[in-house]
Amino acid sequence: MSNYHIKNFPEYFHEYRKSVRNPELFWEEIAEEHFLWRKKWDNVLSWDFAKPEVKWFEGSKLNITENCIDRHLFTKGDKTAILFEPNDPKEPATHISYKELHARVNQMANVLKSKGIKKGDRVCIYLPMIPELAVSLLACARIGAIHSVVFAGFSANALATRINDSDCKMVLTSDGSYRGVKTIDLKGIVDEALESCSTVESVLVVKRIQSEINMKDGRDFWLEPLLAGASTDCEPEIMDAEDPLFILYTSGSTGKPKGMVHSTAGYMVYTAYTFKNVFQYRDSDVYWCTADIGWITGHSYIVYGPLANGATTVMFEGVPSYPDFGRFWEIVEKHKINQFYTAPTAIRALAKEGVQHVEQHDLSSIKVLGTVGEPINEEAWHWYDDNVGKKKAPIVDTWWQTETGGILITPIPFCTPTKPTYATLPFLGIQPALMDENGQEIKGNQAEGRLCIKFPWPSMARTIWGNHQRYKDTYFSAFENKYFTGDGALRDEVGYYRITGRVDDVIIVSGHNMGTAPIEDAINEHPAVAESAIVGFPHEVKGNALYGYVTLKETGESRNHDNLRKEINQMITEQIGPIAKLDKIQFTAGLPKTRSGKIMRRILRKIASNDTSNLGDTSTLLNPEVVQDIMDNVL
Ligand code: WT7
């Protein structure tokens, strides 16, 4: 029998060995004992990374919401499923029990159906961190509709691109959102986006900030009255294992965002099993992940993973700085949080404000601390360990990606001895490999290379929506018969992994995945701009910040450069969102290029990072003279 709950290091090794020797048997046992199936599978796994095609639990029938909600009703009906903490600390928190969640999801599912949403239809969700967001995901899953959540910080343009890419039939949004002292006009953004979206038939609007908004007749509907009139019963749609559960967009090295498609059964099994073990969740615990459900972390470890385990999961609407920098710790104290999961950028931002904010609060409930999204630097790791965990709560540095669906490399708390800045060991069933420049796997410990995964795991993305070729090119072409992550990593003398960062044109800013190409595309739309190149440079809070090199069409551009900088950042805000704004913009006479016309980002990266002692080989450059000029004018 497989061990669903790993409790010590020998158990980890024992199970890991099993999971690698006979993955099919390992996952079959986990799936069989801990989930509700309407029909069992005919085949545990079939795969071919050359196509690429991966299928888990083929032939099985299930509904993920039955697993996340219905099956807990008997034993945990009154337990809090979702604990909602509003932006304003004076507004009371809400506890939504499993029974209430069941009723609310079913009502929402019935509303979706009444508006014509059927199995397989795509529904775009553009909502702030309020309970309706989680309820919407689950309502889609209840009826077999494919949700596509777009983080409610993206611009109208970015929203429209995502709606159009997957032909969404409906948008779920709110009149607006709260963010600290600010409010954001979400419905206005949706209206603007929909001017260029022809597939959207209806827009359902949650009332949150009570603002005056436009409602388009026949298209827009307030959600509340519809929910009030909807039945609390909704038979779940019975899905096939490989039916898509959701699409989630992530940026890549070319302009268009990639709609990663996750399927049902494997995703459910893997997120549930990792949640249980990586956070060592016990029945009476209160778990809080501070991410937004607009990102994969929220999908897997606020909604599906925790609920599949019958956990209490916190949803926080606000920001760490409002009303002051003690807000996170106030919430930890108030709800007696046992597992706390956040990003290095948040840790660094809070550390900067001083320990007094932490010391004012009783954090003794904390058992496990988690981090995700980017490499955590040693200083931040120790600050977290000393001040939040008081050296008693193990830190799980969890490495994974939108594409992987769940955590792949991580310590298991109270099992794996932690090591600052190391994500440590592969989770059960995960077979990492480090590859050298010649495409060969580097065997043995003490190695550094490109991080690949050699064998399928249940929650891996199955394709890119509408573009399987791009899925193959991006993840399965760099190394034969392996999934390439885009990250570099090193392995120490005992086999622990440390993720060193992206080796492609993706930059992780404040834990958000930023492709350089979409930002460059946005800048290049400015009429004065000839071309541009974006690189990352180290930033004390964000991890990396964005540095833009911009060449203007007319070198004698008369406009004041600071105005132009503002305009460029304005373009980026409009095309993508404020998270993609550049910290520094340097105007250049030209960009260093290879003879084939490719911009040499390696050089630009070094200059932006003030690391010009060794620029490497510049002899292949078409225009070596621009390099000195760029160095002389660096910001
Ligand atoms: C990229 C994926 C999956 C959660 C949120 C990010 C970086 C993620 C870690 C970590 C070092 C990390 C990688 C990865 N990353 N977690 N613990 N240590 N780097 O999802 O937006 O798809 O970004 O985030 O570079 O490839 P994402």
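Predicted model: local features only at pLDDT ≥ 70, side-chain atom pairs only at ≥ 80, totals over all residues.
Helix α2 covers residues 23-34 and helix α10 covers residues 264-278, and the two pack with their axes 10 Å apart at an angle of about 85 degrees. Angles of 65 to 115 degrees count as roughly perpendicular, and α2 and α10 are therefore roughly perpendicular to each other. On the α2 side the contact is made by F26, W27, I30 and A31, which meet V269, Y270 and Y273 of α10. Sorted by class, the residues of this α2 and α10 contact come out as seven nonpolar, with no polar and no charged ones.

Rolling a probe the size of a water molecule over the atoms shows where empty space is left. With a threshold of 30 Å³ or more, the structure holds two cavities. The largest cavity has a volume of about 70 Å³, and its lining consists of L62, N63, I64, A141, G144, A145, M239, P244, L245 and T264. Seven of these lining residues are nonpolar and three are polar, while no charged residue takes part. The second largest cavity comes in at about 50 Å³. Around this second cavity sit V149, V150, F151, F154, R162, L248, Y249, G294 and W295. Here the lining splits into seven nonpolar residues, one polar and one charged.

Moving on to the strands, β28, β29 and β30 form an open sheet in the order β28-β29-β30, and the pairing is mixed. The edge positions go to β28 (529-539) and β30 (584-588), each of which has a single partner strand, so one side of each is left without a neighbour in the sheet. From one strand to the next, the twist averages 25 degrees. Strands of a sheet pair through backbone hydrogen bonds, either parallel or antiparallel. Strand β29 (residues 543-552) and β30 run parallel and are joined by five bridges. T551 stands opposite T588, a residue of β30. Helix α19 (residues 601-608) packs on this sheet and touches β28 and β29, with its direction at about 55 degrees to that of β28.

Most residues other than glycine have a negative phi, and most peptide bonds are trans. Against that background, the K51 to P52 peptide bond is cis, with omega near -20 degrees. P52 belongs to the loop between β1 (43-48) and β2 (53-58). Another cis peptide bond runs from Y322 to P323, this time with omega near -5 degrees. P323 is found in the loop between β17 (312-316) and α12 (327-335). At the other end of α12, the loop between α12 and β18 (339-342) holds K336. K336 is not a glycine, yet has a positive phi of about 50 degrees.

Key. Residues numbered from 1 in each chain as written. Heavy atoms only, no water. Axes fitted to C-alpha atoms, helices over the stretch in contact; angles between N-to-C directions. Helix = DSSP H or I, 4+ residues; strand = E, 2+ residues; numbered from the N terminus. Parallel < 35°, antiparallel > 145°, perpendicular 65-115°, else oblique. Contact = heavy atoms within 4.5 Å. Nonpolar A, V, L, I, M, F, W, Y, C, P; charged D, E, K, R; others polar. 1 Å grid on protein atoms, 1.4 Å probe; cavity = no way out; pocket = protein on both sides within 12 Å on 5 of 7 lines; lining within 4 Å. Points joined across faces, edges and corners; volume = space filled by probe spheres on them. Pairing = 2+ DSSP bridges.
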